[in-house]
Amino acid sequence: MEQFLQQVINGISLGSIYALIALGYTMVYGIIKLINFAHGDVYMIGAYVGYFCMTSFKLGFFPSLLISMLVCAILGVTIEKIAYKPLRNATRIAVLITAIGVSLFIEYGTMFFVKPDPRSYPPLTGLMTRSFRIGNIVFSAQQILIISITVVLMVLLQFIVKKTRIGKAMRAVSLDRDAAQLMGISVDKTISFTFLIGSALAGAAGILVGIYYNSINPLMGMMPGLKAFVAAVFGGIGIIPGAMIGGYFIGLVEVMVAGYGNSMFRDAVVFAILIIILIVKPSGLLGKETREKV
Amino acid sequence: MKKILTCLLICVSVTTLFAACSSGSKSDVIRIGINYELSGDNATYGQGSVEGIEMAIDEINAAGGINGKLIEPIKYDNKSDAAEASTLANKLVTQDKVLAILGPATTGAFTSQIPVANKNKIPIATGSATGDNLTFDTDGSVHPYVFRICFNDSFQGKVMANFAFENLSAKKAVIIMDSSSDYGKGLSQNFVETFTAAGGTIVAEEAYVAGDTDFNAIITKIKGMDFDVIYLPGYYNEAGLIIKQARTQGIDKPILGADGFDSDVLVDLAGKDALNNVYFTNHYSTIDEDPAVLKFIADFEAKYGKKPNAFNALGYDLAKFVADAIGRAESLTGEAIKDALEATENFIGVTGTLSVDENHNPVKSIFVIELKDGEQHSSVKVNP
């Protein structure tokens with residue numbers, strides 16, 4: 001039982017990261033029906049910005065977190081303006097291929113500047129190195145940090161989407177872009193804002209992974225990016241609470257497969273889930289069946 | 001149009017003729033290829049080896065070269081990629097006309113250039129590729145042009161299993177291995193065979209693949225088991241993270257590894273506090289008392305401003321080993337150098353004295369090193 005609870009904690013920590021990345025996927029999909037494959041790389045940039053804040057500028061964790069969220073937000077908006085906006089009326093496949101191109105560009109561009117070698121985050125100090133025990137169950141300070149920061153960011157996101165004017169605009173654009181425009185909503189601004197929020201969340205996930213696992217490299221965004229995509233599809237792509245649930249679910253599944261099954265199968269199981277979901281309920285856990293309008 | 005083509009053709013053939021002449025006439029230097037992992041996943045192995053090689057070549061050239069001829073090293077980065085290593089080996093042999101190639105440092109990348117060596121009759125030698133079957137062809141015959149100066153994985157696995165059983169009085173072991181590399185699989189197989197033959201039991205065998213970062217699930221799983229030691233045959237990137245996560249979860253049992261642990265990155269990733277009660281087999285130890293080793297350490301520190309690790313020492317020995325054979329060779333051809341390499345006996349290097357056996361493997365001793373607070377604390381020498 002203790003072992004099970006420990007695995008649950010491991011799974012929730014890992015799932016928090018997936019959930020933060022999945023939110024960006026799902027928000028962007030919800031608003032412009034684009035699977036933004038460059039999203040995992042924004043997360044990688046977040047990890048590197050955090051790394052340089054902490055090593056070159058000797059900043060603490062929280063200032064570094066804010067800076068990497070800010071840099072990623074700017075990066076996300078820039079990507080949208082340069083790569084996706086000119087293709088607003090192009091076919092969906094054209095935009096999708098562009099997204100893959102942007103992803104490769106960021107990965108290998110970063111590799112050129114920071115070299116492909118993995119880097120290790122600076123050692124943490126003080127309270128962050130502590131671990132806490134309840135019976136035989138160990139919580140590390142980083143796990144608590146990851147889980148709590150994720151929860152705070154999710155509450156904040158819910159507040160923005162549900163209670164603010166810009167959130168209302170986002171929901172309107174996602175429901176019907178043309179009608180929203182007729183009502184006087186600036187569609188371009190709203191889309192940019194969606195990229196801004198999603199990318200900031202990915203940046204936060206990047207720096208959290210940096211302090212948790214201590215190792216970052218320019219291709220670190222690929223696998224978590226794909227798994228977060230699975231999480232978003234699992235919860236129902238385009239639905240914000242679905243991405244959260246999906247993220248935690250994928251994290252838990254991965255840990256349980258490694259803990260009680262065979263550690264070699266964990267990635268296979270995650271992608272098997274994607275296939276099953278697409279066959280059984282393509283709209284995802286929280287998705288409603290929608291008919292394509294003709 | 002036809003005229004232009006003819007002109008072009010003549011130009012091209014003339015330039016190739018000149019190029020061929022210029023590369024053939026430069027016989028006052030001995031060209032040696034250096035094909036190493038200078039970037040990518042195994043970069044610290046490659047960079048470390050090359051530092052040692054360059055120091056050895058500088059020493060040889062400062063002393064007048066080999067029989068009056070200076071060594072001209074030609075260095076390429078294979079980016080820790082096996083395909084790239086093979087391409088570069090071809091380039092070194094056909095374009096740069098080297099007499100021998102040093103490197104790569106890891107088994108996978110080194111193996112990929114073996115066909116190039118055998119086909120072109122150019123000896124290749126590595127300081128650190130420890131894969132068991134490295135020097136053999138699939139049919140069991142020895143690759144004629146392939147040499148190494150490090151022990152193989154089965155020896156490392158066996159020594160560590162005996163050490164765990166006798167020196168640490170361990171009876172139950174857990175294995176966490178890198179299943180994506182021949183290195184991890186070979187080591188764990190040999191450890192398991194020796195450990196169970198001695199009377200120990202393997203409680204669990206867990207596996208991961210290179211590039212994984214989250215090992216908490218595996219660690220939580222083995223935390224509930226009854227065991228004395230963890231055997232962790234893998235490279236420093238993942239090993240560092242596994243050690244850190246295991247110590248964070250409160251596992252304080254001894255963790256055993258192999259020469260893949262010998263990197264400063266391991267200390268960065270795991271943290272000094274986690275690296276206690278950690279043992280690994282290695283080619284050489286910085287706390288050795290041998291005067292030749294002490295001189296090497298002092299010279300290395302003067303040149304690079306840091307203590308040499310095993311890869312630095314192996315690179316240094318490798319360059320000296322090949323230079324020694326070139327000096328003894330009857331002529332400056334790949335075949336003569338191969339014969340000289342085969343005849344090496346009691347070559348004295350900083351990683352021990354070695355002779356080349358009939359399988360092109362060295363006969364030499366091994367060290368088991370204990371880490372305390374991330375530093376080498378004690379070492380035990382085991383002879384073959």
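In this predicted model, chains A and B meet at an interface in which 22 residues of chain A are in contact with 25 residues of chain B. On the side of chain A that touches chain B, at least two residues each are supplied by helix 1 (2-32), strand 3 (137-140) and helix 10 (240-260) of chain A. Helix 1 of chain A provides the largest share, 5 residues. Sorted by class, this side of chain A holds 9 nonpolar, 11 polar and 2 charged residues.

Attention now turns to a sheet in chain B. This open sheet has 7 strands in the order 7-6-8-9-10-14-15, and their pairing is mixed. Its edges are strand 7 (201-208) and strand 15 (375-382) of chain B, each of which pairs on one side only. From one strand to the next, the twist averages 20°.

One parallel pair within the sheet consists of strand 6 (residues 172-178) and strand 8 (residues 229-231) of chain B, joined by 3 bridges. Here B:Val174 has B:Ile230 in strand 8 of chain B as its bridge partner. Helix 7 (residues 182-198) of chain B packs on the sheet and touches strand 6, strand 7 and strand 8 of chain B. The direction of helix 7 makes about 165° with that of strand 6 of chain B.

An antiparallel pair is formed by strand 14 (residues 366-372) and strand 15 of chain B, with 7 bridges. Among the residues involved, B:Ile369 has B:Ser379 in strand 15 of chain B as its bridge partner. Strands 14 and 15 of chain B form a hairpin with 2 residues between them. In the turn, B:Asp373 has a positive phi of about 50°.

How values were computed:
Residues numbered from 1 in each chain as written. Chains lettered and ligands numbered in written order. Predicted model: local features only at pLDDT ≥ 70, side-chain atom pairs only at ≥ 80, totals over all residues. Pairing = 2+ DSSP bridges. Helix = DSSP H or I, 4+ residues; strand = E, 2+ residues; numbered from the N terminus. Axes fitted to C-alpha atoms, helices over the stretch in contact; angles between N-to-C directions. Contact = placed C-beta atoms within 7 Å. Nonpolar A, V, L, I, M, F, W, Y, C, P; charged D, E, K, R; others polar.
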